[in-house]
Amino acid sequence: MTSLEKKIINKPIENRSISMSTLANSKEVEYIQQNDEFDYLKSLIKSLDNGKSIGILLFGNPGTGKTLLSITLAKSLNSTYYFIDGSPDLDRRDLEGNWELRKGYTKFNYGPLTRAIKDANEKGICFIIINEINAIRESEQISLNSLLSENHINLISKGFERHELNQNAKLIIIGTMNKGVVGINKLQEAFGDRFLISPEITYPEKNKEIEIVKKVTDCKKGVAELVVDAAQQIRKQATEDFSISKLFSTRLAVNFCLLVSKMPPKYIEHNIQNCIVNKLAETIEEKKTIAMILDGKMFKEKLGRLLGASEDITKFIETAPSDEDKNNIIPKMKKAVETYIEIVGRDKIQNASGELMWKFLQWLWNRHRTVLREYFKLTEKMDYHREYKQKTGKDHIYGGLITLKYIKWIYQNKNYDIVIFMKRLYPIL
Ligand SMILES: Nc1ncnc2c1ncn2[C@@H]1O[C@H](COP(=O)(O)OP(=O)(O)OP(=O)(O)O)[C@@H](O)[C@H]1O
Ligand SMILES: [Mg+2]
């Protein structure tokens, strides 16, 4: 919990992967505005007079960044914020405060609304962010109603103790909800009416969504482009012919890019299935529709290629080997590999996930050490030896020759790169 975040009433929301949100938020993600919606809201809050509550009702499809926008707004104004997850079980006392029975005496614990008023009065501003505000029962909205329209609340359970916003303070109450989404409660008219404005947050257009996903996850641009392209097409299909019932949200795109960028490429298939297909599809037909869209885009293959090669090697992919290398080291190494294939077998070079097997390199080290060393010297072009030195403190050369430790390090840390190196840059496989 950050120092600004004062209180969380946590109520798990159905169909929501709480842990995934944590994954994305662990890096202190900030909202990236699509147009000027963030600037607009900030300006509105700054422009209005003190002494009042300002109600903002953000609505839109799931995972469009409504909650993140609210938190980023509070942080940008150096404000503390109280965070409430709306739910039908939420009691008025959860919001205002309640009595706690202790050994021999009772104690009143002030709730987020009362504490927010106090914070605002002390510091000039405070935020109350209420997720899924439409899930709060009508009977429990009373204190929010009076806070929104009269800037005070009376605690019924504490002899109508009055808590009022003073003339130098602002209280920002942001409610977020998925208005327009099927199966969602409507907001009571009188309650909704007390909010000053109700901006809609939509899914971003393609380039903006790519920028968001790339920035938030720090993934490769190509990965963000591929994922957002698929997300937008699946989303389009969901809204046009309803052949898919759930929307591919920006949150989902972010979570997927985070997963595939952090995990070994051999788990791409699992991640596609678990993070995209199973989350979006309700039926077998929907699964098929999503799989068809992804297949049509060669999603898995393209992603595999993008993730298999690290940024350092893709830079060199277009550069051809020198004539000297072509006529000397490459044929020598090829010959050694052919012998390996004859004796050990072609299927003992790479494993099922495409990773180079240690057995292969060790065999070459034992039988064709000089050639292997010369061949591995070519990796200097990619500056791997500098990274090796930095991370291990060791030189890759000893007595003028490449060391086995360095080869092992490459095998362990640059396995996918070295496969591309062997297949495309200095082809021997
Ligand atoms: N404009 C954006 N800028 C940065 N990140 C974004 C943006 N839109 C979506 N995200 C990503 O999506 C995640 C989910 O956003 P958030 O929880 O704010 O959505 P929401 O609209 O509140 O969703 P819900 O309707 O389900 O409550 C964020 O943590 C972030 O990773
Ligand atoms: Mg939200």
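A residue counts as buried when its relative accessible area is under 20%. Thr217 has a relative accessible area of 9%, so it is buried. The model is predicted.

**Ligand 1: position and shell**
- Domain 1 (5–193) and domain 2 (206–308) both contribute shell residues, so ligand 1 lies between them.
- The shell holds 20 residues, of which Ile32, Lys66, Thr67, Leu68 and Asn178 come nearest to ligand 1.
- Sorted by class, the shell has eight nonpolar, seven polar and five charged residues.
- Four helices each give at least two residues to this shell: α1 (18–25), α3 (66–76), α8 (206–217) and α10 (250–262).

**Ligand 1: polar pairs and cover**
- Ile32 places a polar backbone atom 2.8 Å from a nitrogen atom of ligand 1.
- Thr67 uses its side chain: a polar atom there is 2.8 Å from an oxygen atom of the ligand.
- Leu68 has a polar backbone atom 2.7 Å from an oxygen atom of ligand 1.
- On its own, ligand 1 has 640 Å² of accessible area, and the protein covers 96% of it.

**Thr217**
- Thr217 sits in helix α8, one of the helices that supply the ligand shell.
- A polar atom of the Thr217 side chain is 2.7 Å from the backbone oxygen of Val213.
- A polar atom of this side chain also lies 3.2 Å from the backbone nitrogen of Cys219.
- Beyond residues up to four places away in sequence, Thr217 touches Val254, Cys257 and Leu258.

**Helix α6**
- Helix α6 covers residues 142–150.
- Its buried residues include Ser143, Leu144, Asn145, Ser146, Leu147 and Leu148.
- In an α-helix there are 3.6 residues a turn, so residues three or four places apart point the same way.
- Asn151 follows α6 and has a positive phi, near 60°.

**Gln350**
- Gln350 lies in the loop between α16 (329–343) and α17 (358–367).
- Its relative accessible area is 22%, so Gln350 is partly exposed.
- The Gln350 side chain makes a polar contact with the side chain of Lys423, at 3.2 Å.
- Setting aside neighbours within four places in sequence, Gln350 contacts Glu355, Leu356, Met357, Val419 and Lys423.
- Phe360 is 10 residues from Gln350 along the chain, and their C-alpha atoms are 8.4 Å apart.

Conventions. Residues are numbered from 1 along each chain as its sequence is written. Chains are lettered from A and ligands numbered from 1 in the order in which they are written. This is a predicted model: local features need pLDDT of at least 70, side-chain atom pairs count only at pLDDT 80 or more; totals for chains, interfaces and linings use all residues. Side-chain values use heavy atoms; hydrogens and water are left out. A residue is near a molecule or strand if one of its heavy atoms lies within 4 Å of it. A polar contact is a pair of N or O atoms within 3.5 Å; within protein, one must be able to donate a hydrogen and the other to accept it, and residues adjacent in sequence count only if both atoms are side-chain atoms. Accessible areas come from the Shrake-Rupley method with a 1.4 Å probe; for residues, only the protein chains shown count as cover. Ala, Val, Leu, Ile, Met, Phe, Trp, Tyr, Cys and Pro count as nonpolar, Asp, Glu, Lys and Arg as charged, and the others, Gly among them, as polar. Domain bounds come from an automatic or database domain assignment. Buried means under 20% relative accessible area, exposed over 50%, partly exposed in between (1.4 Å probe, protein chains only). Contact means heavy atoms within 4.5 Å.
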